[in-house]
Amino acid sequence: MSEDLKPDQLEYYKQESLLKVDYRPPATDWMQTPTAMRPGAFIYSAKPKNIEYIDFPNARNWAPIDEDWKLPTNWKEIVIQGIRERLDKYRSFKVFMDICVRCGACADKCHFYIGGGDPKNMPVLRAELLRSIYRNDFTTAGKLLGRMVGARPLTIDVIKEWFFYFYQCTECRRCSVFCPYGIDTAEITMMARELLHLLGIGVNWIMEPVASCYRTGNHLGIQPHGLKDTLEFFAEDIEEVTGVKVEVPMNKKGAEVLFVTPSGDFLADPGTYTAMGYMALFHEIGLDYTFSTYASEGGNFGLFTSADMMKRLNSKIYAEAKRLGVKWIMGGECGHMWRVLHQYMDTMNGPADFLEVPVSPMTGTRFEHARSTKMIHIAEFTADLIKHGKLKLDPSRNDCRRVTFHDSCNPSRAMGMLEEPRYVLKNVCRNFFEMPPNTIREQTFCCGGGAGLGTDENMEMRLRGGLPRGNAVRHVQEKHGVNQLAACCAIDRATLTTVCDFWAPGVKVTGITELVANALVMKGEGDRKLNFRKEPMRGEEDGHV
Amino acid sequence: MGILVSFLAVVALFLSVLVGIDSLGLRWLFGVAVPYAAAALFLGGFLVRVLGWARSPVPFAIPTTCGQQKSLPWIKSASIENPSTTLGVIARMALEVFAFRSLFRNTKTELRDGRLSYASNKWLWAAGLAFHYSFLVILLRHLRFFMEPIPGFVLALTTVDGFLQLGLPVVLTTSLIFVGAVTFLLVRRVASPQLRYISLPTDYFPLFLLLAIGASGLWLRHVTKIDVPAAKAMVMGLLQLSPKPAESLGTLFYAHLFFVSTLLVYFPFSKLMHMAGVFLSPTRNLAANTREVRHVNPWNHPVALHTYDEYEEEFRERMRDAGLPLEKES
Ligand code: SF4
Ligand code: SF4
């Protein structure tokens, strides 16, 4: 390890050392094992200005490595009261606190435990961190028998432990697939994070995007004119590559469709190529759509903060759809965004009775399954277009790509969109290979950086958590020569790039619609020599022939 | 440590019966008062717990989807693993409750030479299923003590059970499966360092208690050959609220009864409530048709919003300069 490398750099870590995972539990009982905050495995605290902007309580300067976290004097009362409120509001929380039998079926299902071996990253023990406090203060047995029944008193060390381990859960829900009672540790993590926020404890990687999104409409804080510049820039690139000039509809009243996508697609490669793909596709089929600057974020870091914050950010989508007078809404490729849109949006901010049931203007397909929410996924939309032969595709243009598909956690385990992206991919590229069955579909592994953990500060945990996915990618890389990992998630496109660079170097990450747009034969297109990355379309041979 | 405490607790239960019956002759206490109190605590406690859960609403529909959603008509959806209808939910719950569907998925993750493998691992599923079903059969068999005349299916059950007698003339197969499965669950918990690490005394205690119940039951039936009519008379007496603790029944019978009473009392205050909780788990018992049908949150309270007008107010100049449409010109 070179002297000047830091724990937030990829090069700081070596495959061989991370692969030496020690699964033996510590000698001390978990309640007696102190939490060691180590750089690379936690995220810095939220800046007061971000907390204040959204009116969260107890904003202050503090750092996870500080001895004194400057908690409000009545912190204990706040937490216990917070637990009580949530027990009364959520049956899920109450039931999950009570019925775990510690069978351990979930234990080796979590990517952080698999890649790190820390027993507190077993979903069951992660939940016990909170459950032990619940037992102590809310159950008769706990009050009478204490440790004998797994109860322990709330101390500052418990708060620190919560902070460490509930920000080592990506709310991916893989554990919940295997639990005989469906106990969803993600739900428990969400409760724990809400409790921490009551004490002003949050991480900046989440709270800055939250505050930005509240103010500017997107996590990255792109202001309206900036977004316009960005999209116009994309249009220029599209024209350069395809010879086709595409429109950039923004805040357009009366458009048929409002299109909302994660802002990550606007800023960082390779997401940007997917964004260009959307624009090229919509132009080609003549969709009457609009982007919005006010609702310029499909993702929702509020989901990683609190139910109320999720609702506050999500409200913009329906509000904007109403203001612009669109008929229905389409969402881009994002993971957690679809958890919110599929399971929360209608409940929180609906009913969307001012919208119409989505109907594809090209095929006439009525998307009945989105009859109430009025929002469909672009993969559903594109799959329908392809099925009806509405797209002219030349999949050979993607021949230099040997593609595998990463199911993002939320579209698979909180929605079940498994076939649509596969159908699209198989129609736009000819070399498609699945990763091993235990690592895809509902059993898919997280990228290791979801739920607001995808920052370099957290590099060690991201690489450890990324091990199962990285390992599966490596497998198809060696077996089938896979060089492209497609994912319909903006966080994935950022985090899996790192995971692949580390665990399966040589595999690049792409969105689905980027591949669609590559294969899309556009009316009036020029000689398509370059793809949207401005690389030779057909790979090396093509460039040289 | 937890395991020892739990074991000793069960031993203490046994010793208290020994002393209570043999030395002090507290037949009324162990044969009447305790069973009545246990039954009352069980029923009351069970009800309080379930009603407690039911009192909290289900604000969001959060099913864990384990298969293809229902979307486009030409894509086959997983109507049970990702149910979009009530029938699908019922099927999903039935599979969960009767066949332990989720546990059936269990895999064992192993990291060897830098490679991860996920081998299918059905032991826990098999043992869990064996334990629960054999326990159920044993409970049903016990109906012979609770009903007069003995229902036909109880007799039939006992006969079928007897058919599979592994050469031992009297041992009923389910009893062996029961003891075997509980032993497996106990050994598994102790043998795996990871599982031992997460186990609480309250995880060992019910296993020891069940073993004690099973062992005392087997002993009564096959070794000491309990006076069945006397036992039945006593049980019927309890049921008809004219309790008469039998003098002729030995200490072991009272021990068996005491173990069962303890289990009844323990049940509602422990993880054993998973039996009822599984029905109320929102990741399993809701339809995943959340875009098709709106789920209503009873406490959906208003929250502070950043409205479009406020947004335009802040960015109007820049929006105008960029040529973006505005609601208000100034
Ligand atoms: S699988 Fe479920 S019941 Fe078993 S230990 Fe995990 S959370 Fe508890
Ligand atoms: S939700 Fe995912 S990250 Fe969290 S405990 Fe479960 S498996 Fe681990």
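**Figure 1. Close-up of the second largest pocket in the predicted model, with residues of chains A and B in its lining.** Nearest the centre of this pocket lie A:Thr139, A:Ala141, B:Arg49, B:Phe269 and B:Ser270, which belong to a lining of 37 residues. From chain A, two or more lining residues come from each of helix H3 (75-89), helix H4 (91-99), H6 and helix H7 (140-145). From chain B, helix H1 (2-23), helix H2 (27-55), helix H10 (201-223) and helix H12 (251-266) likewise give two or more residues each. H2(B) provides the largest share of the lining, 6 residues. The pocket holds a space of about 1,000 Å³. By class, its lining comprises 20 nonpolar, 8 polar and 9 charged residues.

**Figure 2. Close-up of the largest cavity, with lining residues from domain 1 and domain 2 of chain A.** The volume of this cavity is about 140 Å³. Its lining consists of 18 residues, and A:His336, A:Cys409, A:Asn410, A:Gly450 and A:Cys489 are the closest to the centre. Helix H18 (409-413) and helix H22 (490-503) of chain A each contribute at least two residues to the lining of the largest cavity. At least three lining residues are drawn from each of domain 1 (30-202) and domain 2 (208-519) of chain A. The lining is made up of 9 nonpolar, 7 polar and 2 charged residues. In total, the structure contains 10 cavities of 30 Å³ or more.

**Figure 3. Close-up of the second largest cavity, with helix H6 of chain A in its lining.** The space in this cavity amounts to about 110 Å³. Among its 16 lining residues, those closest to the centre are A:Cys100, A:Cys106, A:Val124, A:Cys179 and A:Ile183. Helix H6 (residues 123-138) of chain A gives the most to the lining, supplying 4 residues. The classes represented in the lining of the second largest cavity are 12 nonpolar, 2 polar and 2 charged residues.

Figure 4. A:Arg371 is located in the loop between helix H16 (336-349) and strand E4 (375-377) of chain A. Its relative accessibility is 35%, so A:Arg371 counts as partly exposed. The C-alpha atom of A:Arg371 is separated by 41 Å from that of A:Ile78, and the two residues are 293 residues apart along the chain.

**Figure 5. Close-up of the contacts between domain 1 and domain 2 of chain A.** Chain A is divided into domain 1, residues 30-202, and domain 2, residues 208-519. Contacts between the domains involve 36 residues of domain 1 and 41 residues of domain 2. A distance of 30 Å separates the C-alpha centres of the two domains. Both domains also provide residues for the lining of the largest cavity, at least three from each.

Key. Residues are numbered from 1 along each chain as its sequence is written. Chains are lettered from A and ligands numbered from 1 in the order in which they are written. This is a predicted model: local features need pLDDT of at least 70, side-chain atom pairs count only at pLDDT 80 or more; totals for chains, interfaces and linings use all residues. Side-chain values use heavy atoms; hydrogens and water are left out. On a 1 Å grid over the protein atoms alone, a cavity is a set of points where a 1.4 Å probe fits but cannot get out, and a pocket is an open set with protein on both sides within 12 Å along at least five of seven lines; lining residues have an atom within 4 Å of a point. Grid points are joined across faces, edges and corners, and a volume is the space filled by probe spheres set on the points. Ala, Val, Leu, Ile, Met, Phe, Trp, Tyr, Cys and Pro count as nonpolar, Asp, Glu, Lys and Arg as charged, and the others, Gly among them, as polar. Domain bounds come from an automatic or database domain assignment. Buried means under 20% relative accessible area, exposed over 50%, partly exposed in between (1.4 Å probe, protein chains only). Contact means heavy atoms within 4.5 Å.
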